[in-house]
Each structure stands twice: as C-alpha cells, then as structure tokens.
Amino acid sequence: ANLAAVTESIRILHDDRGLNLGARRVTVSTSGLVPQMRELTQLDLQVGLAVSLHATTDELRDELVPVNKRWPIRELLDAAKEYGRTVGRRVTLEYVLLGGVNDSMEDADRLAAFARELPSKINIIPYNPVPGLHWQRPSQAAIDAFAERLYPRAPAVTVRQTQGGDIWAACGQLGGLTPENE
C-alpha cells in the first residue's frame, strides 16, 4: 500500500552502499493491490512478486482477502501476468490451504489454470491452526492430493513445510499464549 517507501527500501537494499543485496533476491508480497502492482511493473527493479491468492473464486476470496472486492481475481491475474512478462520473472502465487475451505480438486484445477496463464510458481502453505480461529489444517493426505493434482498441470509447485503449529497447540493446552494475549 506504500509503494514509494517499499521502492526506496529496495533501492537501499540493492545499493552497494546499502546491503548490496541482489534485486533478484528480494520479493515484494501483495494481497492484490492492482494499481501498485502495475506501477511496480514499470519500475524495472527485477524483484520477485508474490501474490497472496488463497482462493480460486471471487466469492471465497472476498471473504479471505477482502481487497478482492475492489480488485477481483481476473484483474489481479492480469496485473500479475503483465508483471511476469514485463520483468521476466515468475510470479509466486501464495495459497494458504484451509481444510474443507479451499482444498478441493476443483480448487486445484482452477489454481493450475491460473498458474498456466502467466509465468508463475505456486507456493502451497498448509494452514497452522490458531486458537480462536475456526479454520482447520487439511490432513497430510489432502495436502498431498492437492499438490499432486496441481503438478504437472501448473508450471511449478512447492509445499511449504510449516512449523510452529505444535507451539500454538501446546500453549492452548497450557492456557498460555493466544492470538489475543501474545
């Protein structure tokens, strides 16, 4: 949402008087702010772009990622395609897998179709349950089935090896940290 500050930070990170970090090692992540994505495309920064997609229908994405109400999936994918083709980098489609919510084979098929439209890779992130939130982590079999359905239909697929779910579970059992009091 603050592209000017992000751009300045990237330039400092990249500058040899800054961290001298190669631009290709930097990724900008967005929930789908299409105008800023289009502006980033024109800046010739060679940074990666990660888009928090998390749903394959506008109806569900409106719930999970409310910015979708302003810039729906089609507009988001068009901007991502423009970025990937102009900059010459694959766009990462981030997809938190929620048990019984967005983990169907139909979701996998739609996600694969989206990925084929643009230079992209898909990063599947199995949800870690958090006390107080109603979502559930899919079973390992469901995670594997979703990933297997995607590949080879999608150009590249990774499944993030999540950590930390056991910490929340232990804290919940001990009456310790919750999202409200951490």
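Helix α5 (residues 105–116) packs against helix α6 (residues 140–150) at an angle of about 35°, and their axes lie 9 Å apart. Here axes are lines fitted to C-alpha atoms, for helices over the stretch in contact, with angles from 0 to 180 degrees between N-to-C directions; helices (H or I, at least four residues) and strands (E, at least two) are DSSP runs numbered from the N terminus. Met-105, Asp-107, Ala-108, Asp-109, Leu-111 and Ala-112 of α5 meet Ala-145, Phe-146, Arg-149 and Leu-150 of α6, where contact means heavy atoms within 4.5 Å.

This is a predicted model, in which local features need pLDDT of at least 70, side-chain atom pairs count only at pLDDT 80 or more, and totals for chains, interfaces and linings use all residues. Residues are numbered from 1 along each chain as its sequence is written, and side-chain values use heavy atoms, leaving out hydrogens and water. With pLDDT being the predictor's confidence in each residue, from 0 to 100, the protein averages 90, and 88% of the residues score at least 70. Do treat residues 174–182 separately: pLDDT stays under 50 there, and the model has 10 contacts beyond four places in sequence for them.

Now follow α6 to the sheet: α6 lies across β3, β4 and β5, running at about 175° to β4. Five strands form this open sheet in the order β1-β2-β3-β4-β5, with parallel pairing (two strands pair if DSSP finds at least two bridges between them). Because β1 (27–30) and β5 (157–159) stand at the edges with a single partner strand each, one side of each has no neighbour in the sheet. Further in, seven bridges join β3 (residues 91–97) to the parallel β4 (residues 120–126), and Tyr-95 stands opposite Ile-124 in β4.
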